[in-house]
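Here is a short report on a single chain.

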Amino acid sequence: MAIFARVVERKSFTGAASALGLSKSVVSARLAALEERLGVRLLHRSTRRLTLTEDGGRLYESCERILAAADEASAAMHGVSRVPEGLLRVSAPVSFGILKIAPFLSEFAERCPQVRLDLSLSDSLVDVASGGFDVVVRFARQLEEARVARKIGSYRRMVYASPGYLARHGTPQAPDDLVKHNCLLLSGQSAEWVFEFGSETRAVDRSHHRSER
């Protein structure tokens with residue numbers, strides 16, 4: 001419709017093509033496609049000039065209003081401040097928030113004084129939409145297909161035990177030995193621990209014998 005409007009204003013395919021930065025053949029093809037889609041002829045074409053049909057005149061009036069509104073919206077956006085401002089809601093795991101976000105809060109506040117940061121730290125999964133979050137940071141091996149994410153880093157989880165515990169209960173030699181031991185798990189998180197041995201993995205389910213914190 002924008003191409004059609006420019007053809008009418010410039011009174012030629014060549015003039016419209018020049019104004020839009022397109023080739024004359026593209027302009028002609030787009031206009032022909034528009035006429036086919038609407039099922040009407042919009043322009044009377046002759047070797048000397050182009051004139052609007054009755055249907056073309058009605059469409060052009062509508063196009064004028066639409067394009068004027070689009071130009072007004074574009075102009076308004078040019079006046080919008082590009083300085084970050086407003087409320088920014090961020091959700092992150094507790095450990096990540098404390099170790100990786102908190103140390104930079106003062107610097108962030110100085111660089112973006114007009115941003116009000118709402119930082120929520122939780123190890124539970126959150127729903128981005130219903131929670132009203134702008135940014136969510138989570139540890140994950142893979143995400144649901146519907147989620148859009150960017151990888152910002154990698155990490156490894158390790159298994160630790162105190163010398164006193166090992167002295168009393170013995171030292172596990174393989175992942176399967178953990179079923180005989182007391183393991184601390186994060187409440188609400190998966191009880192499956194996945195161990196990697198080169199390209200191989202071994203999953204151990206700790207759901208039947210665990211301590212929570």
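## Helix H5

H5 has three buried residues to look at: Phe96, Gly97 and Ile101. Buried means under 20% relative accessible area, exposed means over 50%, and partly exposed lies in between (1.4 Å probe, protein chains only). Helices (H or I, at least four residues) and strands (E, at least two) are DSSP runs, numbered from the N terminus. An α-helix has 3.6 residues a turn, so residues three or four places apart point the same way.

What do the buried residues of H5 pack against? Their partners are strand E3 (86–92), helix H6 (105–111) and strand E4 (115–121). Contact here means heavy atoms within 4.5 Å. The face turned away from the buried side carries Ile98 and Leu99, both exposed.

## Basis of the model

This is a predicted model, in which local features need pLDDT of at least 70, side-chain atom pairs count only at pLDDT 80 or more, and totals for chains, interfaces and linings use all residues. Residues are numbered from 1 along each chain as its sequence is written, and side-chain values use heavy atoms, with hydrogens and water left out.

## Aromatic pairs

How many aromatic pairs are there? The count is two. Rings of Phe, Tyr and Trp (its six-membered ring) pair if their centres lie within 6.5 Å; planes under 30 degrees apart count as stacked, over 60 as edge-to-face and the rest as tilted.

Phenylalanine 4 and tyrosine 60 form an edge-to-face pair, because their ring planes stand at 80 degrees, with centres 6.5 Å apart. The pair links distant parts of the chain: phenylalanine 4 is in helix H1, tyrosine 60 is in helix H4, and they are 56 residues apart. Phenylalanine 4 is buried at 1% relative accessibility. Tyrosine 60 is buried at 14%. Phenylalanine 96 and phenylalanine 139 also pair edge-to-face, with centres 6.2 Å apart and planes at 80 degrees. This pair, too, links distant parts of the chain. Phenylalanine 96 belongs to helix H5 (residues 94–101). Phenylalanine 139 is in the loop between strand E5 (135–136) and helix H8 (163–169), 43 residues apart from phenylalanine 96. Phenylalanine 96 is buried, at 18%, whereas phenylalanine 139 is partly exposed, at 35%.

A charge also meets a ring. Arginine 89 lies over the face of phenylalanine 133, 4.6 Å from the ring centre. The rule asks for NZ of Lys or CZ of Arg within 6 Å of the ring centre and within 35 degrees of the ring normal.

## Nonpolar cores

The largest nonpolar core has 18 residues. A nonpolar core is a set of buried Ala, Val, Leu, Ile, Met, Phe, Trp, Tyr and Cys residues joined through side-chain atoms within 4.5 Å. Phe4, Val7, Val27, Leu31 and Leu43 have the most contacts inside the largest core. Helix H1 (2–10), helix H2 (13–20), helix H3 (24–38) and helix H4 (54–78) each supply at least two of its residues. H1 gives the most, with five.

What does phenylalanine 4 touch beyond four places in sequence? Its contacts are Leu31, Leu34, Leu42, Leu43, Leu52, Gly56, Leu59, Tyr60 and Cys63. A second, separate core has seven residues, including Leu178, Cys183, Trp193 and Phe195.

## Cysteines

Cysteine 63 is buried at 1% relative accessibility. Cysteine 183 is buried at 6%. A search of the whole structure finds zero disulfides, a disulfide being a pair of cysteine sulfur atoms within 2.5 Å.

## Selected residues

Glutamate 35 is in helix H3. Is glutamate 35 buried or exposed? Its relative accessibility is 11%, so glutamate 35 counts as buried. Beyond four places in sequence, glutamate 35 contacts Val40, Arg41, Leu42, Leu43 and Arg45.

Glutamate 192 is in strand E7 (residues 192–197). At 46%, glutamate 192 is partly exposed. Glutamate 192 touches Ala203, Val204 and Asp205, leaving out residues up to four places away. Glutamate 192 and aspartate 205 are 13 residues apart in sequence and 4.4 Å apart in space, C-alpha to C-alpha. Leucine 105, in helix H6, is partly exposed at 31%. Leucine 105 and alanine 16 are 89 residues apart in sequence and 52 Å apart in space, C-alpha to C-alpha.
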